[in-house]
Amino acid sequence: MARLPFISVLTDPTTGGVTGLTTARALARSGANLEITVLEGGPALGGLAGGFQTCGTSLEKSYHYLLLGDTAVLQLAHDLGLDDDLIYRPGSVGIYDGQRI
């Protein structure tokens, strides 16, 4: 059997984020006859969409929001069947400097 052309999607060296995973998904859905591998350097996927625990609370890794006007992201969530998993809350912002919020 002939081997498929091979493409590796290299994500951030610490965690595979939305960009790398979305790129891999788009390539997989493109109709091209490709073998696609996402290489992950960290312990979990998520990139800046991930979070961490500190001082007894959960924090996001980066300042970001999903707004109702973010139609491309909302469409991706819909395509992945995640509509019912989205939670809309009033926003608030804090900055963690390594020792306090």
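Q: Is D84 buried or exposed?
A: Buried means under 20% relative accessible area, exposed over 50%, and partly exposed is in between (1.4 Å probe, protein chains only). D84 has a relative accessible area of 77%, so D84 is exposed. Keep in mind that this is a predicted model, where local features need pLDDT of at least 70, side-chain atom pairs count only at pLDDT 80 or more, and totals for chains, interfaces and linings use all residues. Residues are numbered from 1 along each chain as its sequence is written, and side-chain values use heavy atoms, with hydrogens and water left out.

Q: Where is D84 found?
A: Helices (H or I, at least four residues) and strands (E, at least two) are DSSP runs, numbered from the N terminus. D84 sits in the segment after α2 (71-79).

Q: What about T54, buried or exposed?
A: T54 has 14% relative accessibility, so T54 counts as buried. T54 belongs to strand β3 (residues 51-54).

Q: Which residues is T54 in contact with, leaving aside neighbours within four places in sequence?
A: Contact means heavy atoms within 4.5 Å. For T54, the partners are L59 and Y96.

Q: How many helices and strands does the protein chain have?
A: There are two helices and four strands, and reading along the sequence gives the pattern β-α-β-β-β-α.

Q: What share of the residues in the protein chain is buried?
A: Of the 101 residues, 14% are buried. As for contacts with a separation of 6 or more, 58% are between residues 24 or more positions apart.
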